[in-house]
Amino acid sequence: MGTNLHEPADTRSMGIVHSALRRDLRRSRIALEAPPYPDRKRRRQLAAHVLWLMHVLHLHHTAEDTGLWPSIRARNPSASTLLDQMDADHKRIAPAISALEDAARAYRANETSRTQLLDALTALEAVLLPHLRREELDMMPVVAATITTAEYLTIEQEYFVKPKGFRELGAEGPWIIDGLDPEGREVILHVIPAVPRFILLHTFGWSYRRKATRLWRHGPATAVPSLSLATMERNCRDVATVERNQRDRRPH
């Protein structure tokens, strides 16, 4: 994939990471909502996965708060109102992350905490999903207008990648690209040198596929794709169309 490093920042990777988070929150909900509910071993694996998701989300927000947002604020004072909104969103989301972590630990210990975990998941989604949407639709165009792709990649490497170890990046990589279209996979993989890319896709990729099979068991959660905003909006339109057709077929 050709990339002009001097063009306005290509921020597609941000939306791709958001899509992976939305996908696995949805998958977790599916696994928790309908019987057969996870057995003891799978229950612990699912709780551990939710805790890992919250760890990923926390690191993601930390990288934004310490690296990306200060860079944009310094270069683009007119973005201060929107950046203040991003900061306020993160402050609202942090307690919901903590509550979901507590609920996941309780569920790991006892299956009777399944409803508590679902409630905490709902509470997180209520504050997180609108934030992710606002960040992609409102904040990322400002980022693109403020810095170049080269500058964005430098920030990405310094604050989003370097603080993580190779094993942690290896766990994240296959998770991020799960369910992505070829263009999205290329966006994520093209910045990785050939040898690490091979290790990520084959060694860590194999481990991730085993983990995903244990978690989702080839059930309906497996079919949930990477949930981009476009995919979610298309699904909403499809549901609305079905409901409208059903209403139209009812006798008056």
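H1 and H7 make a left-handed crossing, meaning that the near helix is turned anticlockwise from the far one by less than a right angle. Keep in mind that this is a predicted model, where local features need pLDDT of at least 70, side-chain atom pairs count only at pLDDT 80 or more, and totals for chains, interfaces and linings use all residues. Residues are numbered from 1 along each chain as its sequence is written, and side-chain values use heavy atoms, with hydrogens and water left out.

Back to that pair. Helix H1 covers residues 12-33 and helix H7 residues 182-189; their axes come within 10 Å and cross at roughly 110°. The axes are lines fitted to C-alpha atoms over the stretch in contact, with angles from 0 to 180 degrees between N-to-C directions. H1 and H7 are therefore roughly perpendicular to each other, a label for angles of 65 to 115 degrees. On the H1 side, Arg-12, Ser-13 and Ile-16 meet Glu-183, Gly-184, Val-187 and Ile-188 of H7, contact being heavy atoms within 4.5 Å. Sorted by class, that makes three nonpolar, two polar and two charged residues; Gly counts as polar here.

Now zoom out. The chain has nine helices and zero strands, where helices are DSSP runs of H or I with at least four residues and strands are runs of E with at least two. Of its 252 residues, 42% are buried, that is, under 20% relative accessible area with a 1.4 Å probe, counting protein chains only.

Most residues other than glycine have a negative phi, and most peptide bonds are trans. Pro-35 and Pro-36, though, are joined by a cis peptide bond with omega about 0°, and Pro-36 sits in the loop between H1 and helix H2 (40-75). Further along, Arg-217 lies in the loop between helix H8 (194-216) and helix H9 (229-249) and has a positive phi of about 55°. Arg-217 is partly exposed at 44% relative accessible area, a class running between the buried limit of 20% and the exposed limit of 50%. His-218, in the loop between H8 and H9, has a positive phi of about 60°. With 65% relative accessibility, His-218 counts as exposed.

Methods. Parallel < 35°, antiparallel > 145°, perpendicular 65-115°, else oblique.
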